[in-house]
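Biologist: Hi! Could you walk me through this one? I'd like to hear about pockets and ring contacts.

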Amino acid sequence: MDAVNLLGAGAGTLTTIAFVPQVIKTWKTKSGGDISYGMFLLFSLGVVLWLFYGIEIGAAPVIISNAITLCLVIIILGLKFHYDRQIGAQKV
């Protein structure tokens with residue numbers, strides 16, 4: 001792997017791993033109250049665009065890291081939606 005792709009792989013790995021603690025915290029606390037739908041939805045759109053960009057230029061580090069990040073973000077949003085619905089149902 002050349003230096004440029006190694007740099008991209010390192011950056012992608014770090015930015016992707018950054019979401020793992022949020023997934024774990026949301027799962028353990030069974031709460032997504034501190035998570036902003038707006039921020040995560042905008043971030044998800046950006047990740048999708050980066051993924052398409054990576055596909056267009058054929059950059060494996062961009063494709064892989066953004067595909068994994070998108071999965072983690074979808075998990076976080078899914079957990080938030082699920083736990084928000086549970087809290088809403090308890091209030092009724």
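**Pocket and rings**

Modeller: Happy to! Lining the largest pocket are 13 residues, and G12, T15, W50, S65 and N66 lie nearest its centre. A pocket here is an open set of points on a 1 Å grid over the protein atoms alone, where a 1.4 Å probe fits, with protein on both sides within 12 Å along at least five of seven lines; lining residues have an atom within 4 Å of a point. This is a predicted model, where local features need pLDDT of at least 70 and side-chain atom pairs count only at pLDDT 80 or more, while totals for chains, interfaces and linings use all residues. Residues are numbered from 1 along each chain as its sequence is written, and side-chain values use heavy atoms, with hydrogens and water left out.

Biologist: Which helices supply at least two residues each of that lining?

Modeller: Those are α1 (3–17), α3 (37–57) and α4 (60–91). Helices are DSSP runs of H or I with at least four residues, numbered from the N terminus.

Biologist: And how many charged residues are in the lining of the largest pocket?

Modeller: There are no charged residues (Asp, Glu, Lys and Arg count as charged). The lining has 6 nonpolar and 7 polar residues, with Gly counted among the polar ones.

Biologist: Switching topic: how many aromatic pairs does the structure hold?

Modeller: It holds 3 aromatic pairs. Rings of Phe, Tyr and Trp (its six-membered ring) pair if their centres lie within 6.5 Å; planes under 30 degrees apart count as stacked, over 60 as edge-to-face and the rest as tilted.

Biologist: Why is the pair of F19 and F40 edge-to-face?

Modeller: Their ring planes are at 80°, with the centres 6.1 Å apart, so the pair counts as edge-to-face. F19 is in the loop between α1 and α2 (20–29) and F40 is in helix α3, so the pair ties together parts 21 residues apart in sequence.

Biologist: Is F40 buried or exposed?

Modeller: F40 is buried, at 7% relative accessibility. Buried means under 20% relative accessible area, exposed over 50%, partly exposed in between (1.4 Å probe, protein chains only). F19 is buried too, at 13%.

Biologist: What about F19 and F43?

Modeller: Those ring centres are 5.0 Å apart and the planes at 35°, so that pair is tilted. F43 is in helix α3, 24 residues from F19. At 29% relative accessibility, F43 counts as partly exposed.
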